[in-house]
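This report concerns helix packing and the nonpolar core of one protein model. Please consult the sequence and the structure shown below while reading.

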Amino acid sequence: MMNMLSVTGLTAGYGRVTVLHGIGIEAGKHGNVGLFGPNGHGKTTLLRAVSGLLKPKAGSIVFDGADITGESARSIVARGLVHVPQGNTLFPDLTIADCMSLGAFSPHARPHEAANKERVAALFPKLAERWRQRVRTLSGGERQMVSIGVALMSHPKLLILDEPTLGLAPKIKDELCKAVLDISKAGVPLIVVEQDVEFLLELTNHLYFINHGQVETEIKPGDSLAHSDIMAMYFGQ
Ligand SMILES: Nc1ncnc2c1ncn2[C@@H]1O[C@H](COP(=O)(O)OP(=O)(O)OP(=O)(O)O)[C@@H](O)[C@H]1O
């Protein structure tokens, strides 16, 4: 089976600053991919380049058999590569229901709108109880659920999550983890950036340690790996 996503020799940055130096990752073949490493070394930049929010300077991105390097974010979403960015990027005055309708905006997602709405309601019963509530009145955990729900409404083939548990209480983290695992078990592979090592290891089995805009270590599924090894990489021991 082919990889669903192959990133090769990707160089990207902001203005004259280069953040990614010829980075390469593969995803969607061996399960879920986790990206980890110190802050500010390019994980978010990599995700933004993959989803078309940032134009790469060099390298290639192939998704589902097509070269999507330099394509617009809108057309990349329409292909089913869907990115849930870090933090709260929802419009505060929309209701949860409005957000879901917006998520199903692209023509390929619209036919699945009703079924996907049911799926979101089943995954996140808390949202289903609050369908008409506005985003600005929701808790941080509920907003994160809405963000993931919106991504599901766009009918993803591959789902990218950037630090989904940032700032959330442990109980909400567990709830989110269960829901995200359900999404993956239903056949949507994941790429996850996450600082919480427990959460990362629970969700993913193919890890890339990213340091200085490059892959420093790749841990493939089946490689023996201790929690302490990952902690050591984080803290550079
Ligand atoms: N819009 C921007 N303009 C200029 N520089 C940026 C911009 N966004 C990020 N950077 C810089 O790019 C570098 C990599 O940032 P990036 O967010 O990709 O790192 P990260 O590994 O995801 O870190 P974190 O875990 O803190 O999100 C940092 O030095 C950051 O300051």
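## Basis

The model is predicted.

## Packing of α4 against α6

Two packed helices are described by the angle between their axes and the distance between the axes. Helix α4 spans residues 113-123 and helix α6 spans residues 140-153; their axes come within 9 Å and cross at roughly 150 degrees. Because angles over 145 degrees count as roughly antiparallel, α4 is roughly antiparallel to α6. The crossing of α4 with α6 is right-handed.

On the α4 side, the contact is formed by E113, N116, R119 and V120, and on the α6 side by G149, L152 and M153. Classified by residue type, this contact of α4 with α6 comprises 3 nonpolar, 2 polar and 2 charged residues.

## Packing of α3 against α6

Helix α3, residues 96-103, packs with α6 at an angle of about 35 degrees, and the two axes are 7 Å apart. This crossing of α3 and α6 is also right-handed.

From α3, residues I96, C99, M100, L102 and G103 meet V146, G149, V150, A151 and M153 of α6. The contact of α3 with α6 includes 8 nonpolar and 2 polar residues, with no charged ones.

In soluble globular proteins, nonpolar side chains tend to be buried together. Here the largest nonpolar core contains 60 residues, and V146, L159, I160 and L190 have the most contacts inside it. Helix α6 gives the most to this core, contributing 7 residues.

Beyond its neighbours within four places in sequence, L190 is in contact with N32, V33, L159, L161, V180, S184, L203 and T204.

Terms used
Residues numbered from 1 in each chain as written. Predicted model: local features only at pLDDT ≥ 70, side-chain atom pairs only at ≥ 80, totals over all residues. Axes fitted to C-alpha atoms, helices over the stretch in contact; angles between N-to-C directions. Helix = DSSP H or I, 4+ residues; strand = E, 2+ residues; numbered from the N terminus. Parallel < 35°, antiparallel > 145°, perpendicular 65-115°, else oblique. Left-handed = near helix turned anticlockwise from the far one by under 90°. Contact = placed C-beta atoms within 7 Å. Nonpolar A, V, L, I, M, F, W, Y, C, P; charged D, E, K, R; others polar. Core = buried A, V, L, I, M, F, W, Y, C linked by C-beta atoms within 7 Å. Buried ≥ 20, exposed ≤ 12 C-beta atoms within 10 Å, placed from the backbone.
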